[in-house]
Amino acid sequence: LLEDLTIESALSDAGKGLYNIAKGQKVTIDLNGKTINATENSAGNFILFYNYGELTIKNGTINLTATKDRDWGAQSTIILNRGGILNVESGTYTHNGGTDMAFVLDNSGNSFGDAEMNVNGGIMTSSYIAIRNRMEMGGYGHGKATLNVNGGTINGTSRAIWAQASSASNTAPATGIKVKLSANAFIIY
């Protein structure tokens, strides 16, 4: 990133985010000490970065604020890793809220493939949950979701990390969720 960036958008999620990394693509975003300030006014899901490939992000700040409260009906997320690989090396990532389901990072295993997220550093803060690690259910199918937290600070008002194992029934256990935390990670609830 060569200069600070301000984004205002109402793009709703239909399998795409404002910025998309396709399956098979390998992308590094070096924020270069700069800041992205994003506000969204979506009626549905809002995803700033959608990753189906391999994304590495580092060295800067991203702030996201929702201006329309969709209650629990839709999410607002800085990065949704959907069956890809996400590496967070450093930086500060904050979801300031404005809607109930406010995530910084969402790691989602599904019919697009297994998802792997590696948090090696950085500060993630959310007015709701900083990191959600989940398997999608229903029409999207199930896939493995692996979250490796090797460093960094993770802070969520409701939870820092939520391991959400979906299931097709209330009694059948779900498998495929893995969360590994190292001694270098600082988790705040």
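Buried here means under 20% relative accessible area, exposed over 50%, and partly exposed in between (1.4 Å probe, protein chains only). This is a predicted model: local features need pLDDT of at least 70, side-chain atom pairs count only at pLDDT 80 or more, and totals for chains, interfaces and linings use all residues. Residues are numbered from 1 along each chain as its sequence is written, and side-chain values use heavy atoms, without hydrogens and water.

**Aromatic pairs.** Both F103 and Y128 are buried. The whole structure holds four aromatic pairs (ring centres of Phe, Tyr or Trp, the latter by its six-membered ring, within 6.5 Å; planes under 30 degrees apart are stacked, over 60 edge-to-face, the rest tilted). One of them joins F103 and Y128: tilted, 5.6 Å centre to centre, 55° between the planes. Ring pairs link W72, F103 and Y128 into a cluster.

**T99.** At 5% relative accessibility, T99 is buried. Its side chain makes two approaches, tabulated below.

| Side chain | Partner | Distance |
|---|---|---|
| T99 | side chain of D69 (polar contact) | 3.3 Å |

**R159.** R159 is partly exposed, with a relative accessible area of 35%. R159 lies over the face of W162, 5.4 Å from the ring centre (cut-offs: NZ of Lys or CZ of Arg within 6 Å of the centre and within 35 degrees of the ring normal).

Conventions: Polar contact = N/O pair within 3.5 Å; in protein donor to acceptor, adjacent residues only side chain to side chain.
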